[in-house]
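Please open the model in a viewer and keep the sequence panel beside it.

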Amino acid sequence: MIIEGVRAAARRVPPGQSLIREMNGGVATYVEADAPFNKVAGLGFDGVPTTAALDDLEREFTSRQAPLRFEVSTLGDPDVGRALTRRGYELVGFENVLGLPLDPTSSYAPVPGVDVAQARADESARWLDVVATGFMSPDV
């Protein structure tokens, strides 16, 4: 989802400004200053990045004058957290993210008071606004 979000946002910024770099089962992304997609997510699902890879990534974000933030999964390699701590990164919070792929065969148990329906074509702008606003709101 992050990669698709960055690809969509990258269409409105100058060529070469955005960054999508897959690494060790995760992805490092950047769009523009203060964008919610400027981060590394999923790192460690395929091992720990090398010191050289982290050095290069830090240079990439420094050249963009952007802080480098990592979202580290509890399901990833625990050595990722240790490697980042040795580099001076500090744990500042927790966020639980659960995902469920939906397809035409998916089913769900109805929840009283909650209606689930396919969006109409004329609702796409409203839907996009709600999703973008949600992602741009900080987790506090």
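The stops below go from the whole chain to the sheet, then to a pocket and a loop.

**Before selecting**

This is a predicted model, in which local features require pLDDT of at least 70 and side-chain atom pairs count only at pLDDT 80 or more, while totals for chains, interfaces and linings use all residues. Residues are numbered from 1 along each chain as its sequence is written, and side-chain values use heavy atoms, with hydrogens and water left out.

**Whole chain**

Display the C-alpha trace, which spans about 50 × 35 × 30 Å along its principal axes. Colour by secondary structure to see 4 helices and 4 strands, in the order α-β-β-β-α-β-α-α from the N terminus. Helices (H or I, at least four residues) and strands (E, at least two) are DSSP runs, numbered from the N terminus. Of the 140 residues in the chain, 24% are buried (under 20% relative accessible area; exposed is over 50% and partly exposed in between, with a 1.4 Å probe and protein chains only).

Select the 4 strands: they form an open sheet in the order 1-2-3-4 with mixed pairing. Two strands pair if DSSP finds at least two bridges between them. Strand 1 (19-23) and strand 4 stand at the edges with a single partner strand each, so one side of each lacks a neighbour in the sheet. From one strand to the next, the twist averages 15 degrees, taken between the N-to-C directions of lines fitted to C-alpha atoms, on a scale from 0 to 180 degrees.

Next, pick strand 1 and strand 2, which run antiparallel and are joined by 5 bridges. Ile20 stands opposite Thr29 in strand 2. The hairpin of these strands has 2 residues between them, and Asn24 takes a positive phi near 50 degrees there.

Move on to strand 3 (residues 39-43). Why is strand 3 described as largely enclosed by the rest of the structure? Because 5 of its 5 residues are buried. Strand 2 (residues 26-30) joins strand 3 in the antiparallel sense through 3 bridges; Thr29 faces Lys39, and Val27 has Ala41 as its bridge partner. On the other pairing, strand 3 and strand 4 (residues 70-72) are parallel over 3 bridges, with Leu43 opposite Val72. Follow the chain from strand 3 through helix 2 (residues 51-63) to strand 4: this β-α-β crossover is right-handed, that is, with the strands pointing away from the viewer, the path from the first strand over the helix to the second runs clockwise.

**The second largest pocket**

Select Gly5, Ala9, Phe37, Leu128 and Ala132, the closest to the centre of the second largest pocket among its 19 lining residues. The pocket holds about 490 Å³ of space. Helix 1 (2-10) and helix 4 (124-136) are the elements that give two or more residues to the lining, and helix 4 provides the largest share, 6 residues. By class, the lining has 14 nonpolar, 1 polar and 4 charged residues.

**A loop residue**

Finish at Gln118, in the loop between helix 3 (79-86) and helix 4. Is Gln118 buried or exposed? Its relative accessibility is 77%, so Gln118 counts as exposed. Draw a distance to Asp56: the two C-alpha atoms are separated by 43 Å, with the residues 62 apart along the chain.

How values were computed
On a 1 Å grid over the protein atoms alone, a cavity is a set of points where a 1.4 Å probe fits but cannot get out, and a pocket is an open set with protein on both sides within 12 Å along at least five of seven lines; lining residues have an atom within 4 Å of a point. Grid points are joined across faces, edges and corners, and a volume is the space filled by probe spheres set on the points. Ala, Val, Leu, Ile, Met, Phe, Trp, Tyr, Cys and Pro count as nonpolar, Asp, Glu, Lys and Arg as charged, and the others, Gly among them, as polar.
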